[in-house]
Structure formats: structure tokens, C-alpha cells
Amino acid sequence: MANILPTGCIEMASNELIVPVTDEIEEGDTENPSLEVELATFRRKWKDEIADGSYTPPLGGKQNIKNKEEEEQHRIEQEAKYLYLQGANAEKNGDLYKAIWYYRQAIQLVPDIECKIDDYVGNTVKLKTSSAQREARGSNDYEEEDDDIEDIVQGLHSLTISKLETHCQPNFTQTSTHISALPVEILVYIIQWVVSNQLDMRSLEQMAMVCRGFYVCARDPEIWKMSCISMWGVNCQLTKGYGSWREMFIGRPHLKTNGVYISKASYIRHGEQSLDTFYRPWHTVEYYRYIRAFPDGELQMITSPDSPYSVIPKLKTKSSKLAGIMQGHYRMHGDKVFAVFQKFDYTDKSVRRYRRNKNQVSETELTFHVELTVQDIGQRAQGKLTWDQYTCHTHYRSTGLTSTSDFELDMNKYPPFYFSRVKSYTATSDGPLVAPTSVKSA
């Protein structure tokens, strides 16, 4: 091919491509006339493209590397935006430790991610809005489905236990007696055992999802009325702000009884100085406060350095004898919790003591008054307790005088309580749901 290339050529900026600009062919350079015609046509096309300015040289290696760097930077920015949004959701739900972890990961990838997140969220909202508009213009299937669901809900609300002919029917052939053979009254009594005296309303809601008959029985107003009376006392009345006893139990602030409220606190303590006086350690001490509420108005609170895994199982019953535990009663007034505790000494009586200290009685009696506020945390209702007031009343038996001391409620020393459900507390039922006949004491 070197013999047939013309003498005149144009060199491109890339220094890699030689574009011919003449179609002269020397005689005797080739013996194939068709190849000469094809080569001349190819040269003419190139010449026309160069003249029109439509010719674009192929990309070099530097351009490919630049495109790859831009793609990698865009990928890292998208990942940082995703981590930042995850941190925002965790902060909204109250999980601050997880939120901080997400924020750190996002900032390490893109330091100014907070400035870029607004555009990302705005574009995402626009895309969701446009897709929703297209779906609305396309069809009305979703609206028809919503109408069907509303009709079903209204039909279930109109049903009562008196209108049920049978609460359920067997779906398959049974060789033994099916639960549908039981009268509705017996099923309602079984539901009272499901709720139990621990007010396990979560199990009641799960039972309502079995079938239509169970749903109607689980919505029996009498069951929810007894639950409200067990929680707030015999003087509890259905107010105008709630449409039913169930709405009142769910919406009115109260303490949850199927778990424990836990508060974690920490402080820094100086260690002992070393012998060379150049080293003095610092220790971070962590401890917990636990509050366990019972439906009948009794309350337990304990401060312990032990982890929740070792303390929570011991708070299942009222007869817990943990060292340093305080027991008392509480009452609700709106979203406020007023509690009165007394500390009991559960030391081992079998330990041998000196005779002179055997019958020694403490001259002081301590009573603790606590005021807390019930708050929602994210989508978890009644999941948080904050301190309002904490006082200690000391009664001297010898003089009959009483002194009062107020604790300084520092957020570091008295952080909020967060609720944690304990499955073992409601795994078994000690007795059925029964409305109390006396007013709660406080």
C-alpha cells in the first residue's frame, strides 16, 4: 500500500491519522482496477467530510480516562447521598448512634454532601410526582381498589358479635373438632386469656388478622373497655375525643406493660496515678436505669451497672428481689406519670450477724417521688419517658421530721428512657382479662 499512497496528505491534530487529499493514482502502482475505484471513493468521502466540518476524530486514551473518572465520581456521590438520607431517617426514628455512623460514612466520601443533598431530594420528589401523575392519567385501577377496601372496612365495622352466625369455617376437611364448633361466647373468653391480666394487646391484634370472625370478636367493645379500666381505674370514662374504647386505649398516653423502659448513662472517672507520676488513666463508667410497669398501677425502678440481658429477666414478676430495687405505685394525669417509690433491703437473712447489730433498725426512711412525661418516638407510641422532677423525702423516726432533697436533672446523668418489648413477659398468661373493682392507688 505504500506504493499507491499519494504524495499530498493532511496531518490531523491527533498525529495518528493521515488523511489523503488527492485522488491521483500513478500508473503501474496496482493491477486491481476495482481496488483503485474503492480507494478513490473513500478518499473523496473523507475530503468532503473535512470540508464540511462533520468529521470527528476517534477518542484518544486521555478522553476515555476522563470519562471513567467522571463516572466513578458520580457513583461515589450517589452512594454518599444514599448514606446521608439513611442517616436522616435514623435520626428521625431516634436511633442517633446509627445516624452518626451513616453521616460519617457519607462525609468521608463527599465532604460537602450536605450542600448537594437538596438537589438530589428535589429531583427525587419531582420524579415521584411525575410518575404518580402518569399513573393517575393512565388508569383508575388504584382508586377502584381503594373504594373496595373502604367498603370492606365499613362492612367489618358494621358487624357485631350478635350478628355473627359463626366466627369461622374450616377451609379443609377436618378429622377432629374444629374451632368453629365453639360458641362465640367461648371464643371471646379465649380472647380474654390472650389479652390476659398483662394487657397483651399486641397478641390481640395479631389474632384479629386470622379471619373475619376473629376480627369481629377482637374488636368487641367490652374487651377494650375492660382493658381501659385495667389501665386507668374504675373511674375511667369514654371521652368525646375518642370514638371507641379501642381508640382511647391506643391514643391516650399510658405506660406500656409488655416490656421495660431503659435509660443508659455514663460518666468519666479518674484512675489511680502510676508510680512514675507520668500516667493517670481515665475510665468510662456505664450504668443503666430500668422501669417496669404493671397494669394494676405498680412500678419497679432499679439502677444497676449490669447489662439488660442479665437484669430484664429478673423483672418479669413483682416479686423481684434484686439488690437496690425500688417498688411503688404510679398514676397517670394526661401524659404525666407520677410515681412514689420506696427502697427495700433484700439482703440475705441467712447470713450470720453480730448480736449487737442483729436487731438494729434504720433510723431513716427514704421515699422517692418521680415525675415523668410519656412521649412518642417516631412511629412508636409511648416509647419514651423524659424526666420532669426527682425528689427524695427522708423521714427521721427518732424526731418525726421529714426533709426533702431535689435531684439536679442533668441530661448526662438522667437521660430519657426508651421502651424495649420483652417477649418472655407475655409468652404465657397467668389469668384472663378482668376489670378491676377498686381505684388504683398512687
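In this predicted model, the largest nonpolar core holds 49 residues, and Leu255 and Tyr330 touch the most other members. Helix H9 (residues 221-232) supplies the largest share of this core, six residues. Another core lies apart from it and has 12 residues, including Val260, Val311, Ile312 and Tyr425.

**Cysteines**

The whole structure contains zero disulfides. Cys228 takes part in none, and the nearest cysteine sulfur to it, 5.3 Å away, belongs to Cys236. Cys236 is likewise in no disulfide, with the sulfur of Cys228 as the nearest cysteine sulfur at 5.3 Å. Cys228 counts as buried because its relative accessibility is 0%. Cys236, at 7% relative accessibility, also counts as buried.

**Helices H6 and H7**

Helix H6 (residues 184-195) and helix H7 (residues 201-208) have axes that come within 8 Å and cross at roughly 140 degrees. This angle makes H6 oblique to H7, because only angles over 145 degrees count as roughly antiparallel. On the H6 side the contact is made by Leu187, Ile191, Val194 and Val195, and on the H7 side by Met201, Ser203, Leu204 and Met207. By class, the contact has seven nonpolar residues, one polar residue and no charged residues.

**Positive phi values**

Most residues other than glycine have a negative phi. Leu199 has a positive value, with phi near 55 degrees. Leu199 is located in the loop between H6 and H7. Gln382 also has a positive phi, near 55 degrees. Gln382 belongs to strand E9 (residues 380-396). The relative accessible area of Leu199 is 6%, so this residue is buried. For Gln382 the relative accessible area is 5%, and Gln382 is therefore buried.

The table lists the accessibility of the individual residues discussed above.

| Residue | Relative accessible area | Class |
|---|---|---|
| Cys228 | 0% | buried |
| Cys236 | 7% | buried |
| Leu199 | 6% | buried |
| Gln382 | 5% | buried |

Note on methods:
Residues numbered from 1 in each chain as written. Predicted model: local features only at pLDDT ≥ 70, side-chain atom pairs only at ≥ 80, totals over all residues. Heavy atoms only, no water. Axes fitted to C-alpha atoms, helices over the stretch in contact; angles between N-to-C directions. Helix = DSSP H or I, 4+ residues; strand = E, 2+ residues; numbered from the N terminus. Parallel < 35°, antiparallel > 145°, perpendicular 65-115°, else oblique. Contact = heavy atoms within 4.5 Å. Nonpolar A, V, L, I, M, F, W, Y, C, P; charged D, E, K, R; others polar. Core = buried A, V, L, I, M, F, W, Y, C linked by side-chain atoms within 4.5 Å. Buried < 20%, exposed > 50% of the residue type's maximum accessible area, 1.4 Å probe, protein only. Disulfide = S-S within 2.5 Å.
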